[in-house]
Amino acid sequence: MCGIVGILGKEDVNQALYDSLTVLQHRGQDASGILTIDNSTFRLRKSNGLVRDVFHTRHMQGLKGQVGIGHTRYPTAGTSNCAEAQPFYVNSPFGIGFAHNGNLTNTEELTQYLHHQAKRHVNTSSDSEVLLNILAHELQQFGLLELSPKEIFQAVSNVHRRVRGAYAVVSLVVDHGLLAFRDPNAIRPLVLGKRETEKGMEYMVASESVALDVNGFQLVRDVAPGEAIYITLDGELFTQQCAENPTYSPCIFEYVYFARPDSTLDKISVYDARVNMGVKLGKKIAGEWGEHDIDVVIPVPETSCDIALRIAQELNLPYRQGFVKNRYVGRTFIMAGQSERKKSVRRKLNPIPAEFRGKRVLLVDDSIVRGTTSKQIVELAREAGAEKVYFASAAPEVRFPNVYGIDMPSSSELIAHGRDVDDIAKMLGADGLIYQSLSDLVAAVGASNQDIKHFETSVFDGDYITNDVDQQYLNQLDAKRNDLAKSSQEENSDSLDIHNEDIAS
């Protein structure tokens with residue numbers, strides 16, 4: 001999962017890009033980058049680290065230009081070395097800058113095509129660089145010195161025919177403009193905004209609407225599945241449906257965990273979706289645990305706070321903040337390796353003993369993936385004096401790997417894979433465990449937009465929307481993604497940081 005943003009303005013966009021990335025930081029903490037165009041020249045700064053650490057005054061001063069894109073990286077497959085930080089760029093044709101959120105499912109096939117037929121070189125293991133070169137190759141086929149919207153959209157249509165998986169893209173084409181497009185299933189989010197200024201209309205595309213809000217842009221709409229948005233340097237906006245059979249199937253985990261509650265994605269308020277999750281799960285607890293002895297409901301901050309509050313209201317129980325969160329520690333779910341996740345939990349959360357001592361508590365979290373974090377949270381509650389610890393998950397059991405851009409790894413690392421609820425509860429050390437049902441989760445999220453008939457829910461039910469994922473593919477993905485493999489890759493990548501591109505300074 002990554003955060004992307006693209007802006008075409010009437011003045012320098014470097015500060016607006018920076019501000020956007022800061023509010024999209026939750027989508028990726030591994031690396032950050034900004035690419036602008038100034039006088040037909042790319043200005044680029046990218047490096048490992050948080051936005052605030054990557055960009056200093058000297059970098060911002062060098063990132064001149066009225067059009068630019070930005071990216072916050074969260075690695076799935078591959079390593080977390082700086083070589084894979086985005087945006088990427090290629091010099092031919094025209095000069096193309098590129099940032100991508102998602103994951104391709106036919107990367108190997110595309111890599112072979114680029115090498116043997118398109119004769120284009122890919123320098124990293126990133127599928128984003130593969131996707132960039134596919135787009136560049138399609139644009140190059142026209143052999144033109146100037147591209148019209150017709151050629152731009154035809155190139156995107158050809159990309160859709162060749163590429164499978166999840167992708168939301170922002171791209172710059174030198175001397176042409178800003179291009180953005182979304183995969184035919186709309187798995188990863190992308191929104192369009194505009195802002196009227198004295199000098200004319202400015203446009204922005206981003207992963208979440210909150211990035212528009214912070215810069216004073218008005219949310220126009222979501223980019224449709226398979227749609228491309230092209231904005232010329234003169235500010236002309238063109239849109240076209242470029243996919244043959246688009247279907248709306250957004251990733252439901254965006255609403256469970258990744259997106260900010262103040263964002264609206266695909267006409268669904270993330271906050272409202274989480275409130276609805278709490279109502280549904282509260283009713284399930286009341287129905288299945290009618291004779292419970294719970295004294296208090298406590299959220300695991302902070303994604304689950306709104307969910308836990310509604311559960312408490314449904315159960316007519318007190319809601320208390322029992323954990324204090326250190327906001328200067330990153331999100332444990334997207335830490336690069338298991339050892340780092342383990343170390344970060346106790347640095348991130350500290351219990352308030354008075355809220356636990358002698359009480360039978362219901363802990364509420366948005367989801368349980370590996371179970372490592374949840375187990376440690378149960379231990380923290382017991383150490384703080386809880387008499388009993390029950391656990392509720394606002395998402396169903398995560399039993400299958402994610403192949404569309406979320407680091408839900410090999411099945412063997414998922415605590416729910418091949419286990420029933422009682423077994424999982426024992427592993428967590430909880431006195432009781434309850435999960436949201438998938439039907440209730442879909443109903444909770446979809447309540448705000450009845451036009452969406454299907455959500456991407458593969459991590460819960462193993463139904464992969466692109467219809468190209470088999471066990472062989474999952475085995476190959478497992479080899480790249482599991483924590484042991486990542487640790488080995490990271491150890492071997494220490495000397496590979498050859499792409500700390502700081503051409504803005």
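**Helix packing and a cavity**

Tutor: In this predicted model, helices H4 and H5 are therefore oblique to each other.

Student: At what angle do the axes of H4 and H5 cross?

Tutor: Helix H4 covers residues 107–118 and helix H5 covers residues 127–140. Their axes come within 10 Å. Angles under 35 degrees count as roughly parallel and those from 65 to 115 as roughly perpendicular, the rest between these being oblique. H4 and H5 are therefore oblique, as their axes cross at roughly 45°.

Student: Which residues of H5 does H4 meet?

Tutor: By class, this contact has six nonpolar, four polar and one charged residues. From H4 come Thr107, Leu110, Thr111, Tyr113, Leu114 and Ala118. In H5 they meet Asp127, Val130, Asn133, Ile134 and His137.

Student: Is the crossing of H9 and H10 left-handed or right-handed?

Tutor: Helix H9 (residues 270–288) packs against helix H10 (residues 305–315) at an angle of about 40°. Their axes lie 7 Å apart. The crossing in which H9 passes H10 is right-handed.

Student: How many charged residues are in the contact of H9 with H10?

Tutor: H9 contributes residues including Arg274 and Lys283, and H10 contributes residues including Asp306, Arg310 and Glu314. By class, the contact has ten nonpolar and two polar residues, and the number of charged residues is five.

Student: How much space lies in the largest cavity?

Tutor: A search of the whole structure finds one cavity of 30 Å³ or more. Among the residues lining the largest cavity are Cys251, Phe253, Asn402 and Glu456. By class, its lining has six nonpolar, one polar and one charged residues. The space in the largest cavity is about 30 Å³.

Methods:
Residues are numbered from 1 along each chain as its sequence is written. This is a predicted model: local features need pLDDT of at least 70, side-chain atom pairs count only at pLDDT 80 or more; totals for chains, interfaces and linings use all residues. Side-chain values use heavy atoms; hydrogens and water are left out. Axes are lines fitted to C-alpha atoms, for helices over the stretch in contact, and angles run from 0 to 180 degrees between N-to-C directions. Helices (H or I, at least four residues) and strands (E, at least two) are DSSP runs, numbered from the N terminus. Angles under 35 degrees count as roughly parallel, over 145 as roughly antiparallel, 65 to 115 as roughly perpendicular and the rest as oblique. Contact means heavy atoms within 4.5 Å. Ala, Val, Leu, Ile, Met, Phe, Trp, Tyr, Cys and Pro count as nonpolar, Asp, Glu, Lys and Arg as charged, and the others, Gly among them, as polar. On a 1 Å grid over the protein atoms alone, a cavity is a set of points where a 1.4 Å probe fits but cannot get out, and a pocket is an open set with protein on both sides within 12 Å along at least five of seven lines; lining residues have an atom within 4 Å of a point. Grid points are joined across faces, edges and corners, and a volume is the space filled by probe spheres set on the points. A crossing is left-handed if the near helix is turned anticlockwise from the far one by less than a right angle, and right-handed if clockwise.
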